[in-house]
Amino acid sequence: MASVTLEHLFKRYDGGADIVRDVSLDIADGEFCVFVGPSGCGKSTLLRMIAGLEDITGGTLRIGGKPVNDLAPSERDVAMVFQNYALYPHLSVSQNISFGLKLSGMKSPEIRTRVGQIAKVLEIEHLLERKPRALSGGQRQRVAIGRALVRNPGVFLFDEPLSNLDAALRTQTRLEIARMHREYGRASTVYVTHDQVEAMTLGDKIVLLHTGEDMTRHGSVAQVGTPMDLYQHPRNLFVARFIGSPQMNLLSAQVVSLAPGGVTVALRDGTQVTAGVSPDGLALGAKVTLGVRSE
């Protein structure tokens with residue numbers, strides 16, 4: 001097991017704008033952490049920085065308490081599952097899963113045992129002699145996951161692993177990943193997705209990254225918390241708009257009454273609504289936004 005600590009991480013290319021901006025985060029041993037946000041917010045770049053596939057422009061990355069900024073990917077005790085599976089087409093399922101173990105010099109009997117254990121967990125024992133071209137998309141994804149699991153790393157990294165699957169298969173594979181983490185959850189897991197349903201159903205911790213026209217916030221952390229923290233207590237309008245399906249209703253309003261039990265606001269048509277929120281920091285007449293979930 002290995003914790004992951006990000007301390008003020010930055011990433012920029014050739015002196016341009018920051019792609020990842022001042023990200024600080026602690027991911028505990030065995031925790032399932034999901035990076036989520038709109039396309040282009042820097043979540044995959046951040047994952048690749050953890051993997052060692054992207055250089056870090058600024059800040060410190062620690063895995064298991066050890067700084068790894070200058071370590072090669074093979075020295076970081078991480079295993080990554082890519083969006084496009086990245087399987088060797090000329091090797092069987094068994095050979096794909098065991099490839100890294102052979103490179104590390106592990107003996108054949110132990111390799112067979114490890115591959116058999118992982119194939120049982122992922123329910124692909126009957127596929128071990130097939131080539132990738134004879135597999136469905138969901139089966140290929142399980143093989144890719146098995147190749148990561150068999151190494152028994154301290155940290156698992158998933159880069160949008162379900163985006164190439166159809167809706168039904170995406171739901172099924174999501175359930176399998178959740179089951180795998182419960183049964184095999186000794187390692188920390190970092191999972192990248194733009195799909196908030198995946199984020200909300202899989203994650204112990206959600207990290208929502210900013211994007212948009214305001215480049216002073218692009219690639220920074222909008223909010224970190226449990227799925228229900230972000231759903232019930234969004235920190236700002238960006239979080240409120242992004243989390244929830246259907247989207248939260250946002251209405252312009254003005255504060256007309258303050259009380260310990262709630263704040264009463266008037267909408268543009270004069271309708272008054274009392275929201276059970278703290279009046280701290282608000283003043284009579286203040287312009288506010290009222291957020292209402294569809295339920």
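Biologist: Which charged end sits over the ring of Tyr231?

Modeller: Bear in mind that this is a predicted model. A charge counts as sitting over a ring when NZ of Lys or CZ of Arg is within 6 Å of the ring centre and within 35 degrees of the ring normal. Here the distance to the centre of the Tyr231 ring is 4.0 Å, and the charged end belongs to Arg293.

Biologist: Okay, on to ring pairs. Are the rings of Phe158 and Tyr191 stacked, edge-to-face or tilted?

Modeller: Their centres are 5.6 Å apart, with 35 degrees between the planes. Stacked needs planes under 30 degrees apart and edge-to-face needs over 60. That leaves Phe158 and Tyr191 as tilted.

Biologist: And how many residues apart in sequence are the parts that this pair ties together?

Modeller: Phe158 is in strand 7, while Tyr191 is in strand 8. Phe158 is buried at 1% relative accessible area, and Tyr191 is buried at 0%. The pair therefore links parts of the chain separated by 33 residues.

Biologist: What about Phe238 and Phe242: how are their rings arranged?

Modeller: They sit four residues apart in helix 8, so about one helical turn separates them. Ring centres are 6.5 Å apart and the planes make an angle of 15 degrees. Planes under 30 degrees apart fall in one class, and for Phe238 and Phe242 that class is stacked.

Biologist: Which are the edge strands of the six-stranded sheet?

Modeller: The sheet is open, with the order 6-7-8-3-9-10 and mixed pairing. An edge strand here pairs on one side only, which leaves strand 6 (78–81) and strand 10 (221–225).

Notes:
Residues numbered from 1 in each chain as written. Predicted model: local features only at pLDDT ≥ 70, side-chain atom pairs only at ≥ 80, totals over all residues. Heavy atoms only, no water. Pairing = 2+ DSSP bridges. Helix = DSSP H or I, 4+ residues; strand = E, 2+ residues; numbered from the N terminus. Phe/Tyr/Trp six-rings, centres within 6.5 Å; stacked < 30°, edge-to-face > 60°. Buried < 20%, exposed > 50% of the residue type's maximum accessible area, 1.4 Å probe, protein only.
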